[in-house]
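Here are my notes for your review. Please read them with the model open.

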Amino acid sequence: MSDSVPPPQVWPCLRARDARALIDFLAAAFGFEEVVCYGGTAASPESPARVDHAELAWPEGGGIMLGTVRGGTDDPFALTPGAFGAYVVTADPDGLCARARAAGARITVELHDTDYGSRDFAARDPEGNLWSFGTYPGAPRKD
């Protein structure tokens, strides 16, 4: 097993109907940190601001990218909002679950200990994406 872990090179990506609101939720509920956010059009009461590209860092390593769903045939990264799912490693699932609940996240799987030694919970964001959090860091890498 190697002692060094390379920097994150896999960036899960998702689309949202209201990307700005989702960014704010992911920061408040789960602790993601907004790194960059590039917009397109300004917000109006009928339509939220378009986010062309945003990067959110996970404080414990890694991150995600997201943007507003564009629809139509000219969308180069067409993904259905609310169809995303991820497992995110955290050292403090109990604290994170309490934070998520306080921020209004819908907890779908309560905190529990798994038979493989992890402590996990799951929640949905306002777009419907499924977020699982736990202490399982993955299987050890082989040299």
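The points below cover a helix pair and several salt bridges.

1. Keep in mind that this is a predicted model.

2. Start with the two helices. Helix α1 spans residues 19-30 and helix α2 spans residues 93-102. Their axes come within 7 Å and cross at roughly 135°. An angle over 145 degrees would count as roughly antiparallel. α1 and α2 are therefore oblique to each other.

3. Next, the contact itself. α1 contributes Ala27, Ala28, Ala29 and Phe30. These meet Leu96, Arg99 and Ala100 in α2. By class, the contact has 6 nonpolar residues, 1 charged residue and no polar ones.

4. The salt bridge count comes to 8. One of them joins the side chains of Asp24 and Arg20, at 2.8 Å from N to O. Asp24 and Arg20 are 4 residues apart in helix α1, so about one helical turn separates them. Asp24 is partly exposed at 42% relative accessibility. Arg20 is partly exposed too, at 26%. Arg20 and Asp24 also belong to a network of salt bridges with Glu34.

5. Look at Asp94 and Arg119 as well. Their closest N and O atoms are 2.9 Å apart, in a salt bridge. This pair links distant parts of the chain: Asp94 lies in helix α2 and Arg119 in strand β7, 25 residues apart. Asp94 is partly exposed, with a relative accessible area of 36%. For Arg119, also partly exposed, the value is 24%.

6. Finally, Glu110 and Arg101. Their side chains form a salt bridge of 2.7 Å, N to O. Glu110 is partly exposed at 44% relative accessible area. Arg101 is partly exposed at 41%.

Technical notes. Residues are numbered from 1 along each chain as its sequence is written. This is a predicted model: local features need pLDDT of at least 70, side-chain atom pairs count only at pLDDT 80 or more; totals for chains, interfaces and linings use all residues. Side-chain values use heavy atoms; hydrogens and water are left out. Axes are lines fitted to C-alpha atoms, for helices over the stretch in contact, and angles run from 0 to 180 degrees between N-to-C directions. Angles under 35 degrees count as roughly parallel, over 145 as roughly antiparallel, 65 to 115 as roughly perpendicular and the rest as oblique. Contact means heavy atoms within 4.5 Å. Ala, Val, Leu, Ile, Met, Phe, Trp, Tyr, Cys and Pro count as nonpolar, Asp, Glu, Lys and Arg as charged, and the others, Gly among them, as polar. A salt bridge is a side-chain nitrogen of Lys or Arg within 4 Å of a carboxyl oxygen of Asp or Glu. Buried means under 20% relative accessible area, exposed over 50%, partly exposed in between (1.4 Å probe, protein chains only).
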